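Here is my note on the helix packing and the sheet. Please read it beside the model.

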Amino acid sequence: MRTRTALIVGAGIGGLASGLALRRAGWRIQVFERAATPRELGFALGLAPNALAALRELGLDGVMQSEGASTTAGEIQQPGGRVLNRFEVAFGGPAVVALRPALHGALLAAVGDEALVLGREAVDRRRADWRRWHRLGDQEAPAAQRSTAPAERPLRNSGRRVRRRTPPGGPLGRVLPRRWRRGRDGSREPGRGLLLFDRDPIDDWGRGPVTLLEDAAHPMLPHAGQGAAQALEDAVALGLVLTPEGDIPAALRRYERVRSARSRSFVLLSRRISRVTTTHSPVVRWVRDTAIRLIPDRLVVAGATFAARSRDPHRLLRS
């Protein structure tokens, strides 16, 4: 039987992870990346138990646990550094803080250079006939389009900026011996703040033999710490539904039904946490800070434990 080929646009975390998952499921893969080099920008990320469970499915959980630092405790601070609450982390399983390039590098090594096609950009055309040949850079290939979802909505400006800091002695500080410039409040901060965007959730991710994953399907604010985790879950889900001999469009629609429902909950959760943690009202800040100091630890970490409530987010796709 002839081996089918899966074409993946984008060599980010989701693209590489989906390529690895599909290869393990019996597919030949090609990952197209418009950049000339597949390097990953970014600072750090938290890998909650569901992210490590997805990496376990891909055979990479051990690598990330050795590259990162286990998270056993946490604290909530005001912008000036005053600690509002300290708590033991209760994620419902192991959690790791790691550098984003470390995760990306592990995925690159697992996928291998032979599967990468660099310097190629997918043409953005809305067509129902995905069998047509479109141009990726100067190479002809049946392109997975960047805009595949008929119900795609514009990105939403959250009006918020984020700067991530490395507290001295924290878990990330142990894996990142790097110099940071001093901020105005005396903290150590990596560069300028970034403006945050997300998008209202959509259910229709594709048509025919094409679908979306990761930020193309469900961009979310970082406040729930689930961006990378949901990309990894998408990848594992694709590997579960796409058998080389199966009905591809039917499998992708099944993937979309399950994954859109789960990712939607994290998009909305991230917005709720953002509204609570980011406010310009002195009254709201005082109420928020007082509540954080007084409420039990189990409620402080409720958002972080949300991901652990479903011990197997792929159970609906395994049957």
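1. Helix α1 (residues 13–24) packs on helix α4 (residues 100–111) at about 35 degrees, with the axes 9 Å apart. Axes are lines fitted to C-alpha atoms, for helices over the stretch in contact; angles run from 0 to 180 degrees between N-to-C directions. Helices (H or I, at least four residues) and strands (E, at least two) are DSSP runs, numbered from the N terminus. The α1/α4 crossing is left-handed (near helix turned anticlockwise from the far one by less than a right angle; right-handed if clockwise).

2. On α1, the contact with α4 uses I13, L16, A17, L20 and R23. Contact means heavy atoms within 4.5 Å. On α4, the residues include L103, L107 and V111.

3. This is a predicted model: local features need pLDDT of at least 70, side-chain atom pairs pLDDT 80 or more, while totals for chains, interfaces and linings use all residues. Numbering starts from 1 along each chain as its sequence is written, and side-chain values use heavy atoms, without hydrogens or water.

4. Helix α7 (residues 227–241) also meets α1: the axes come within 8 Å and cross at roughly 25 degrees. The two are therefore roughly parallel (angles under 35 degrees). This crossing is right-handed. I13, G14, A17, S18, A21 and L22 of α1 meet α7 residues, among them A231, A235 and G239.

5. The open sheet has three strands, ordered β1-β2-β8, with parallel pairing (at least two DSSP bridges between two strands). β1 (5–9) and β8 (116–118) are edge strands with a single partner each, so one side of each lacks a neighbour in the sheet. Three bridges join β2 (residues 28–33) to β8; V31 pairs with L116.

Notes:
Parallel < 35°, antiparallel > 145°, perpendicular 65-115°, else oblique.
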